[in-house]
Amino acid sequence: MIEQQLFGAGLGAVIGAVLALTGAGGGILAVPLLVFGLGLSMAEAAPIGLLAVGLAAGVGAVLGFRQGLVRYRAALFIALIGIAVAPFGLMLAHHVPNTPLALVFASVLVYACLRIWRKAVSELRGEAAFGTRQIEPCVLNPLQGRLRWTLPCARALAFTGMLSGLLSGLLGVGGGFVIIPALNRYTNLDIKSIVATSLAVIALVSAGSVVSASLAGVMHWRVGAPFAVGAVLGLLLARPLALKLAGPRLQQLFAVVGMGAALSLAGKALLG
């Protein structure tokens, strides 16, 4: 058992380093690493993976809040809906067989990696990272520094919260690849504020999902606690390197690794 816990802490350190270098989106690799490294099922690995995602997002959200970048009302609105929906995703995860659940996760991972790849290519070309905006029902009031809340705005943010909460409970992913594009499409916030607000949502929804899993008795703390400690240590140790190594090329490398993990996960699920 001690050897397994130490190995779990080592895996957590790897994920923490990836999170430091690539951002909270790197936490999507936590579930495949737990599946292959510790032999967990998808349903067992999902809440443990959320520990790493939530911790990394929490650090980023606190920094963003101190800089005044987090739109905390929007973040709380999205997160509260996500937290309410997450238990349904968690319940579904324990009723769906492991094979289809793994295939769904692999599909989501491929989608996320393709978005990361396209974003990196856009940055290398000097283009807008998330493309042009067409619909903006949530407009920032320049005098108050707050979003103007309208019915279309609330509806768009509510749907974003529902989807991120469902993915959090079902697959153990933070949902940044859903939240960031949604905020970019539905608001006129600058990209720094979008990322900071997204991190706040991810941290809150992840925390809610972990609590739900604990209350449901499906959170394996003997594995999760060492994994979480390792993730924090890996994150702190790798942060000084992030400013030197982080960039679009590293994002492309992460996308390639993620695609490989998705194919391996799908192959394992299909071939047993």
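Accessible areas here come from the Shrake-Rupley method with a 1.4 Å probe, and for residues only the protein chains shown count as cover. On that basis the protein chain exposes about 12900 Å², of which carbon and sulfur atoms supply 69%. The model is predicted, so that local features need pLDDT of at least 70 and side-chain atom pairs count only at pLDDT 80 or more, whereas totals for chains, interfaces and linings use all residues. Residues are numbered from 1 along each chain as its sequence is written, and side-chain values use heavy atoms, with hydrogens and water left out.

The protein chain contains ten helices and two strands, taken as DSSP runs (H or I, at least four residues, for helices; E, at least two, for strands) and numbered from the N terminus. Read along the sequence, they follow the pattern α-α-α-α-α-β-β-α-α-α-α-α. The radius of gyration is 18 Å, close to the 19 Å that the globule rule gives for 272 residues, so the protein chain is as compact as a globular protein of that length; the radius is taken over C-alpha atoms, and the rule is 2.2 Å times the number of residues to the power 0.38.

One disulfide is counted, defined as a pair of cysteine sulfur atoms within 2.5 Å; it joins cysteine 138 to cysteine 153, with an S to S distance of 2.0 Å. Cysteine 138 lies in the loop between α5 (98–124) and β1 (140–141) and cysteine 153 in helix α6 (residues 151–171), so the pair ties together parts that are 15 residues apart in sequence. Both cysteine 138 and cysteine 153 are buried, meaning under 20% relative accessible area (1.4 Å probe, protein chains only).

Methods
Buried < 20%, exposed > 50% of the residue type's maximum accessible area, 1.4 Å probe, protein only.
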